[in-house]
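Good morning, and thank you for coming.

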Amino acid sequence: MLTFLAAICLFPLLNVLAMSFSSAIAISRGEVGIWPVSFTTLAYEHLATRAEFWNAILNSVKRCLLGWAVNLTLVILVAYPLSKPNSVFPSRTRYVFYFFFTMLFGGGLIPTFLVVRNTGLTDTLWALVLPGGVQVYNVILMLNFFRQLPREMEEAAFMDGAGHITNLVRIVLPCSLASLATISLFILVGHWNEWFSPIIYMRSHSKYPLQTYLRSMLNTTNFQVNTLGDLETIKHLSNKNLASAQIFLGMIPILCVYPFLQKYFAKGIVLGSVKG
């Protein structure tokens with residue numbers, strides 16, 4: 001059953017890869033399954049000359065790095081005090097309800113847009129990061145992980161004169177690497193795959209991240225012709241051929257990152273297990 005489910009998940013990826021290496025004629029005839037038909041690398045050769053495609057990848061990388069730094073920092077700074085008991089943080093319950101309430105109700109698209117516009121963030125990378133800076137679901141995961149750490153270590157640190165900042169940086173975070181890796185994976189995948197907000201907040205297409213750029217390209221045929229060689233190349237390409245190549249290249253960064261974080265995933269996500 002697991003093999004069957006894995007095959008179902010793998011089939012679309014193999015189909016996209018096969019179409020990127022197949023001829024336009026084979027794709028138009030519907031002959032491409034999980035194996036290339038009339039093998040060709042023209043789509044990738046043409047993409048190598050498209051500056052806007054590589055610029056979109058660079059924008060996505062910048063967004064992921066900035067979003068990861070902002071989101072993870074805010075998640076840690078919110079989760080740490082909320083993980084303390086009421087005897088240490090008397091207002092904890094009210095703050096927990098305040099953050100939890102935002103998971104149930106939101107201001108909506110128009111108020112959010114007005115806030116972004118009036119704060120001068122429109123058409124900047126910050127507009128894609130700051131509006132969702134505090135991810136409450138990740139805060140809850142981190143909060144629960146912090147609460148399960150042995151209190152004796154923190155008490156010993158406080159007895160030695162450490163403050164909350166020292167305790168967080170030198171005691172809590174080093175013991176929470178599994179949870180940090182898991183939440184980092186959630187943040188990176190979320191920013192890499194999100195495509196809607198740049199359509200709302202970005203005015204310049206040159207600032208689109210990869211997924212938004214691909215979304216704008218999927219329903220259009222926009223071949224860039226710089227030389228006579230390019231004109232000869234696009235005669236053998238179709239929009240599906242080129243779009244498949246772009247989609248597959250867009251998967252590669254996350255596919256490269258995931259194996260390094262996967263070993264922490266099960267340990268970080270299973271909160272509530274017995275720790276020894």
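Predicted model: local features only at pLDDT ≥ 70, side-chain atom pairs only at ≥ 80, totals over all residues.

From the N terminus on, the elements of this chain run α-α-α-α-α-α-α-α-α-α-α-α-α-α.

Let me begin with some totals. The chain has 276 residues, and buried residues make up 39% of them. Its accessible surface comes to about 15800 Å², with 69% of that area belonging to carbon and sulfur atoms. If we take the contacts between residues at least 6 apart in sequence, 72% of them join residues at least 24 apart.

I turn now to the interior. In soluble globular proteins, nonpolar side chains tend to be buried together. In this model, the largest nonpolar core has 30 residues, and those with the most contacts inside it are Leu47, Phe53, Tyr201, Leu210 and Tyr213. Which elements give two or more residues to this core? They are α3 (42-47), α4 (51-82), α6 (109-118), α10 (177-193), α11 (196-201), α12 (210-218) and α14 (239-269). The largest share, five residues, comes from α14. There is also a second, separate core of 22 residues, which includes Leu82, Met142, Ile183 and Ile187.

Setting aside residues up to four places away in sequence, Phe53 touches Leu47, Leu210, Tyr213, Gln246 and Leu249. Is Ser60 buried or exposed? With a relative accessible area of 3%, Ser60 is buried, because the limit for that term is under 20%. Beyond its neighbours within four places in sequence, Ser60 is in contact with Trp192, Pro209, Leu210 and Gln211.

The next topic is aromatic rings. The count comes to 10 aromatic pairs. In one of them, the rings of Phe53 and Tyr213 have their centres 6.3 Å apart and their planes at 55 degrees, so this pair is tilted. The pair links distant parts of the chain, with Phe53 in helix α4 and Tyr213 in helix α12, 160 residues apart. Both Phe53 and Tyr213 are buried. Phe89 and Tyr95 form a stacked pair, at 5.6 Å centre to centre and with 25 degrees between the planes. Here Phe89 is partly exposed at 22% relative accessibility, and Tyr95 is partly exposed as well, at 41%. Elsewhere, Phe21, Phe39 and Tyr44 form one aromatic cluster.

Let us move on to charged side chains. How many salt bridges does a search of the whole structure find? The search finds six. One of these is formed by the side chains of Lys84 and Glu154, at 2.5 Å from N to O. Lys84 lies in the loop between α4 and α5 (92-104), and Glu154 in helix α8 (residues 151-159), so the pair ties together parts that are 70 residues apart in sequence. Both Lys84 and Glu154 are buried, the latter at 5% relative accessibility.

Glu154 has a further partner. Arg151 forms a salt bridge with Glu154, the closest N and O atoms being 3.4 Å apart. These two residues both lie in helix α8, three residues apart, which is about one turn of the helix. Arg151 is partly exposed, with a relative accessible area of 26%. Through shared partners, salt bridges join Lys84, Arg151 and Glu154 into one network.

Another salt bridge joins Arg29 and Glu31, whose closest N and O atoms are 3.8 Å apart. In this case Arg29 is exposed at 60% relative accessibility, while Glu31 is partly exposed at 42%.

I shall finish with Arg203, whose place is in the loop between α11 and α12. At 48% relative accessibility, Arg203 counts as partly exposed. Its side chain reaches the backbone oxygen of Ile200 at 3.1 Å. Not counting residues up to four places away in sequence, Arg203 touches Phe113, Thr122 and Asp123. The C-alpha atoms of Arg203 and Thr124 are separated by 9.1 Å, although these residues are 79 apart along the chain.

Thank you for your attention; I would be glad to take questions.

Terms used: Residues numbered from 1 in each chain as written. Heavy atoms only, no water. Core = buried A, V, L, I, M, F, W, Y, C linked by side-chain atoms within 4.5 Å. Buried < 20%, exposed > 50% of the residue type's maximum accessible area, 1.4 Å probe, protein only. Helix = DSSP H or I, 4+ residues; strand = E, 2+ residues; numbered from the N terminus. Contact = heavy atoms within 4.5 Å. Areas by Shrake-Rupley, 256 points an atom, 1.4 Å probe, with all protein chains shown as cover. Polar contact = N/O pair within 3.5 Å; in protein donor to acceptor, adjacent residues only side chain to side chain. Phe/Tyr/Trp six-rings, centres within 6.5 Å; stacked < 30°, edge-to-face > 60°. Salt bridge = Lys/Arg side-chain N within 4 Å of Asp/Glu carboxyl O.
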